[in-house]
Amino acid sequence: MPLLQFARGSTQQNPQGGQRAGMPRARLNESNYMTKFSDLNLNPLLMRAIAEEGYDTPTPIQAQAIPLLMEDKDLLGIAQTGTGKTAAFALPTLDFLLEFPQKRRARSARVLVLAPTRELAGQIADSFRTYSRYMDCNVQTVFGGVNINAQRRSLQGGADILVATPGRLLDLVGQKAVTLGDVEVLILDEADQMLDMGFIHDLKKIVVQVPKDRQTLLFSATMPKLISDLAQQFLDKPVRVSVTPPSTTAERVDQGLYHVSNNDKLELLFDVLNNPEIDRALVFTRTKHGADKVVRKLLAKGLSAGAIHGNKSQPQRQKALDAFKNGNCKVLVATDIAARGIDIDGISHVVNFEVPNVPEQYVHRIGRTARAGRTGLAVSFVAEDERYYLRDIEKTIGMEIDVLPKPANTTVDLLPLPDPNERLFKPKGPARGTGGGGRSGGGNGGGQRRPQQGASSSRPQGKKPHAAGKSTGSDGGGKSGGKSRGGRGNGGNKQRSLQGARG
Ligand code: AMP
């Protein structure tokens, strides 16, 4: 089959004629799954739940992060989705709630998780519910695009875990439907995406309302400078855990590309997807309009496809996602932000119908496949005016992406191989392509970073360094001794001083 001829570990022969220079096709080292869950000292109620989920061994981010989080350290986690990072933060957090149970307080939460999109928020909440199924734990979710009143009501009795998108959370705080003064653990997931979406000011407004003496976790797939600045502001001497170096491509994803003109992309896409070996393909466009156009074309040709982007209502998005998950729809066409963080098993192929103009976005996109140890293929359609971005991506990921053999079933003429010494210039103005949208793709379509005003490196007013008795670790992870969970081989001090700190 055309796509699958792109065998893993194949040589760098260029099928479009010519030899690619010998940059390695990087696939990161297979992970080192040494630790066992039983080594992590998690509560048996959690162990029971994860055993039922079929988790045998912790993933690398879990093996590294869980012990540190159980010592109440702040954590800066660099991990892509698909690495198991949700369990890496959910399990120690639930373990903490089990160890220090408390009566729920009205309109408050003990754990606050912030996520960029409603889909991701929903998935995180689902994971918390799964892992906490044998304990008494109330998980609530709030996000925009749906009626706020039901969310107000759901918060009345208080929550143990509140998973929220920043904007809707602030609306609810403004309406006094929830206060953040009881939050003991603050988790910022997909922080780079939250910044991309312009949530920096919302995040700052939220963080100052959370007690200073909290545990803070920040996860990001990439580590641009803005994220390290943010970490400096929000985290207290964080330990840094990284399962892949910043901006490397996801593990186990084989990558390839076609040089193809913009006019021929739709045709090529159909031919590429019209392959029985493809179970589930996620196709990325830069713009919402572009996503719709691709779906129309595929449907017209008899291929089951759905779109997910910011112009779709929440029920429409959910419907498309469900159809994709349950196999009724083979192709999901998405813009970057809509697809971010979506956890769908069995995506065999990711197709970059348009090359992202922010290299980190490429890493996110291809991370949609090869999740949790599976393999996957990522294919990019590169038009002439996208070669600049391709080179940017290749520089960022430190490897050259293979040119794939022309699919046997296509009549599309692929473009000749570009001269490797060709001088490339950054395209000016709005990107061309199916959508005709700007490079940023608007609020939902693209990966262009908004200017991050006010992202200074100084600590915000509300964050004070932890007080005396800290500095327990040699790796920058020192923290107030009083905040430490005892009874885990570190002195037996059962007191966690968060409550005390709040008075
Ligand atoms: P995440 O990176 O958190 O989105 O997780 C990706 C997928 O990996 C989810 O479907 C999880 O259920 C799964 N997963 C997480 N941890 C493990 C584990 N230790 N063993 C097997 N699967 C896991």
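Which residues of strand β1 (residues 75–78) are buried on one side, and which on the other? On one side they are L75 and G77, and on the other they are L76 and I78, so named in a model that is predicted. Both faces of β1 are therefore covered, given that a residue counts as buried when 20 or more other C-beta atoms lie within 10 Å of its own. Here is a friendly tour of β1, its partners and the strands that follow on from them.

**Strand β1 and its partners**
- β1 runs parallel to strand β6 (residues 215–220), and four bridges join the two.
- To find this pairing in the structure, look for L75, whose bridge partner in β6 is L217.
- β1 also pairs with strand β7 (residues 239–242), again in the parallel sense and over four bridges.
- A handy landmark for that pairing is I78, which has S242 as its bridge partner in β7.

**Strand β5 and its burial**
- Strand β5 covers residues 185–188, with V185 and I187 pointing one way.
- L186 and L188 point the other way from β5, and all four of these residues, V185, L186, I187 and L188, are buried.

**Strand β5 and its partners**
- Strand β2 (residues 109–114) runs parallel to β5, and four bridges join them.
- Within that pairing, V111 stands opposite V185 of β5.
- β5 is joined to β6 as well, through four bridges and in a parallel arrangement.
- There, I187 stands opposite L217 in β6.

**Where the pairings meet**

Conventions: Residues numbered from 1 in each chain as written. Predicted model: local features only at pLDDT ≥ 70, side-chain atom pairs only at ≥ 80, totals over all residues. Buried ≥ 20, exposed ≤ 12 C-beta atoms within 10 Å, placed from the backbone. Pairing = 2+ DSSP bridges.
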